[in-house]
Amino acid sequence: MRNTTWRAASRAALALTGAGALAAGMAMVLVTPASAGTTLGASAAEKGRYFGTAVAANKLSDSAYTTILNREFTMVTAENEMKIDATEPQQGQFRYSQADPIVNHARTHGMQVRGHTLAWHGQQPGWMQGMEGTALRTAMLNHVTQVVSHYRGQIYSWDVVNEAFADGNSGGRRDSNLQRTGNDWIEAAFRAARAADPGAKLCYNDYNTDNWTWAKTQGVYNMVRDFKARGVPIDCVGFQSHFNNDSPYVSNYRTTLSSFAALGVDVQITELDIQGAPANTYRSVVEDCLAVARCNGITVWGIRDSDSWRASQTPLLFNSNGSKKPAYDAVLAALNNGTTPPTT
Ligand code: XIL
């Protein structure tokens, strides 16, 4: 359980074998080459991390898309296909026909999978939107149990609960039908997930939790501290990290990551995109993750700008034509502990 990425590592080993054989053949010495990865996944693996992306099932037939996916990434998240409306469109009728192709693609190509997401106010199927109280609590727990059991042994980490805290200055929970079933709905979901797959890391995932001074960040921090104190089975916190003008990257991001990690959970950057894709900001995010031992890895929320849910912000690492942007070079260099010239 909780195995680290192996595909990039085995590729690096193959490359070393080739270089070593060549060196031995030509000069009878075995030189250890300076190891600097040439893809996001390989370079992250050298630092003990994964590098992931959101994947949309309907793009797996686009060879330009899969070429980049297979070359660069060691972790995938289904962008929509594991959400509640996709996996339980009618109550009690579970459907994995949208998510399974993504999981199969990942397995075939040696990538790991983040499960996203089990309990959320968003993208609920119609039958759940109209539900409240005990019936909803029971249905939510059944959903968690069924979906986690279906993918048992195949998921690196689950976003068990997504976006349960309110924006603004309250630091409290967001109102939702799930919240109205009782404040313990989050821990109940985590316990059900742990029972269904003891080998998956269980994460709480949210946005606008990057700035250490924000009330929402503190609200989530206090919940995780309480969960750890009471033995609620939580292993990790996901920071979506959709950075834009309203929710910009700030230099205390590293403090946020390290403060959560100090509670005894892993931290993961789960949905990274940055408005305009400034290379310097992408570099800072990578450096912040590398600075925190319990930061397991980084997932960007799409491959090319044209794949982004916020395409007009051009927030990703690849242009719509699939070419690498300056942000890509900055991320790769940061993963390799190198430097790239500052860009403006
Ligand atoms: C987004 C997807 O990217 C879109 O395709 C979909 O229409 C809406 O959801 N936070 C999350 C993700 O946890 O599931 C969201 O994904 C983006 C915000």
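Strands here are DSSP runs of E at least two residues long, numbered from the N terminus. With that settled, I opened the model, which is a predicted one.

**Entry 1**

The peptide bond that joins H116 to T117 is cis, with omega at about 0 degrees. I flagged that, since most peptide bonds are trans.

**Entry 1: the ligand**

Next I went to the ligand. How many residues surround the ligand? I noted 13, and the closest are E79, K83, H116, E271 and W301.

I then went through the polar side chains one by one. H116 puts a polar side-chain atom 2.7 Å from an oxygen atom of the ligand. N80 also has a polar side-chain atom by a ligand oxygen, at 3.0 Å. For N162, an N or O atom of the side chain is 3.0 Å from an oxygen atom of the ligand. How much of the ligand does the protein bury? The ligand alone exposes 410 Å², and 77% of that is buried by the protein.

I also sorted the shell by residue type: three residues are nonpolar, six are polar and four are charged.

Strand 4 runs over 157-162, and I followed the chain on into the loop between strand 4 and helix 8, where E163 lies. E163 is not a glycine, yet its phi is positive, at about 55 degrees. I wrote that down as well, given that most residues other than glycine have a negative phi.

**Entry 2: two helix pairs**

Last, the helices. I needed two values for each pair, as packed helices are described by the angle between their axes and the distance between the axes.

Helix 7 (residues 133-150) and helix 8 (residues 185-196) have axes that come within 8 Å and cross at roughly 30 degrees. Angles under 35 degrees count as roughly parallel, and helix 7 and helix 8 are therefore roughly parallel to each other. The crossing of helix 7 past helix 8 is right-handed.

What is the angle between helix 9 and helix 10? I got about 15 degrees, with the axes 10 Å apart; helix 9 spans residues 215-230 and helix 10 spans residues 253-261. Helix 9 and helix 10 are therefore also roughly parallel to each other. Helix 9 passes helix 10 in a right-handed crossing.

Technical notes:
Residues are numbered from 1 along each chain as its sequence is written. This is a predicted model: local features need pLDDT of at least 70, side-chain atom pairs count only at pLDDT 80 or more; totals for chains, interfaces and linings use all residues. Side-chain values use heavy atoms; hydrogens and water are left out. A residue is near a molecule or strand if one of its heavy atoms lies within 4 Å of it. A polar contact is a pair of N or O atoms within 3.5 Å; within protein, one must be able to donate a hydrogen and the other to accept it, and residues adjacent in sequence count only if both atoms are side-chain atoms. Accessible areas come from the Shrake-Rupley method with a 1.4 Å probe; for residues, only the protein chains shown count as cover. Ala, Val, Leu, Ile, Met, Phe, Trp, Tyr, Cys and Pro count as nonpolar, Asp, Glu, Lys and Arg as charged, and the others, Gly among them, as polar. Axes are lines fitted to C-alpha atoms, for helices over the stretch in contact, and angles run from 0 to 180 degrees between N-to-C directions. Helices (H or I, at least four residues) and strands (E, at least two) are DSSP runs, numbered from the N terminus. Angles under 35 degrees count as roughly parallel, over 145 as roughly antiparallel, 65 to 115 as roughly perpendicular and the rest as oblique. A crossing is left-handed if the near helix is turned anticlockwise from the far one by less than a right angle, and right-handed if clockwise.
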